[in-house]
Amino acid sequence: MSKLLSRIAGFFSNRTFIGVDKAGNRYFTRKEEIDGILKEKRWVEFKGEQDPTSISVEWICWLNGQRKVAPTPEEMMELEARRERVRLNVALLKKEEEERKAREGSRKAVSLGKVGGPDLKSFIRQFPSASEGDKVEQASDGRIKETHEEKEEPIPESSEPTGSGATYKPGTWQPPT
């Protein structure tokens with residue numbers, strides 16, 4: 001029982017105030033010996049309601065021991081200013097992207113006279129001309145038709161094993177040499 005009381009008394013007397021964040025949360029630390037090893041305990045006392053989302057990333061890193069030194073007020077102000085610049089840059093880039101899309105959209109509508117799907121003619125033109133045996137005809141409505149002339153070509157022998165399954169014997173297939 002005395003050990004418990006001494007720990008409770010030590011909790012309030014041995015703590016060291018480290019800092020306060022923008023939300024008014026206060027951060028503390030104390031050194032504690034556990035199993036013969038001196039460890040540092042870190043914690044936060046929330047101002048008002050206990051809302052863990054009100055803690056900034058820098059303070060979370062300090063609480064978890066990922067930072068050895070607690071963030072300073074100057075560092076926090078610099079980081080907040082940087083975050084605000086990033087927010088403004090993102091908003092500016094989004095606005096520029098919307099304007100660019102609007103300009104490109106109006107150009108397409110003017111040049112094509114309509115807004116629609118992709119230009120299939122230019123897509124087809126990028127491929128080489130029809131291969132031997134294929135004839136390309138252009139219909140009166142502008143569509144392209146392909147006709148295939150049937151030629152009997154010998155079917156190449158496959159190097160893959162064939163069979164109906166009834167004659168399959170594991171380990172008998174050999175690759176061609």
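Author: A salt bridge here is a Lys or Arg side-chain nitrogen within 4 Å of a carboxyl oxygen of Asp or Glu. By that rule, Lys-22, Glu-80, Glu-84 and Arg-87 are linked in a network. The model is predicted, so local features need pLDDT of at least 70 and side-chain atom pairs need 80 or more, while totals for chains, interfaces and linings use all residues. Numbering runs from 1 along each chain as its sequence is written, and side-chain values use heavy atoms, without hydrogens or water.

Glu-84 bridges to Arg-87, with the closest N and O atoms 2.5 Å apart. Glu-84 is partly exposed, at 37% relative accessible area (between 20%, under which a residue is buried, and 50%, over which it is exposed; 1.4 Å probe, protein chains only). Arg-87 is partly exposed as well, at 44%.

Lys-22 and Glu-80 are among the residues closest to its centre, along with Asp-21, Ser-56 and Met-76. The lining counts 17 residues in total. A pocket is an open set of 1 Å grid points with protein on both sides within 12 Å along at least five of seven lines, and lining residues have an atom within 4 Å of a point. The space in this one is about 340 Å³, taken as the volume filled by probe spheres set on the points.

Helix 3 (73-112) and helix 2 (57-63) each supply at least two lining residues. Helix 3 gives the most, with 6. The lining also draws at least three residues from each of domain 1 (2-70) and domain 2 (72-108), with bounds from an automatic or database assignment.

Further along helix 3 comes another pair. The side chains of Glu-97 and Arg-100 meet at 2.4 Å, N to O. Their spacing is 3 residues, so they too lie about one helical turn apart. Glu-97 is partly exposed at 32%. Arg-100 is partly exposed at 31%.

One more bridge joins Glu-75 to Arg-67, at 2.9 Å, N to O. Glu-75 has a relative accessible area of 24%, so it counts as partly exposed.

Oppositely charged side chains can pair when their charged atoms come close.

Terms used:
1 Å grid on protein atoms, 1.4 Å probe; cavity = no way out; pocket = protein on both sides within 12 Å on 5 of 7 lines; lining within 4 Å. Helix = DSSP H or I, 4+ residues; strand = E, 2+ residues; numbered from the N terminus.
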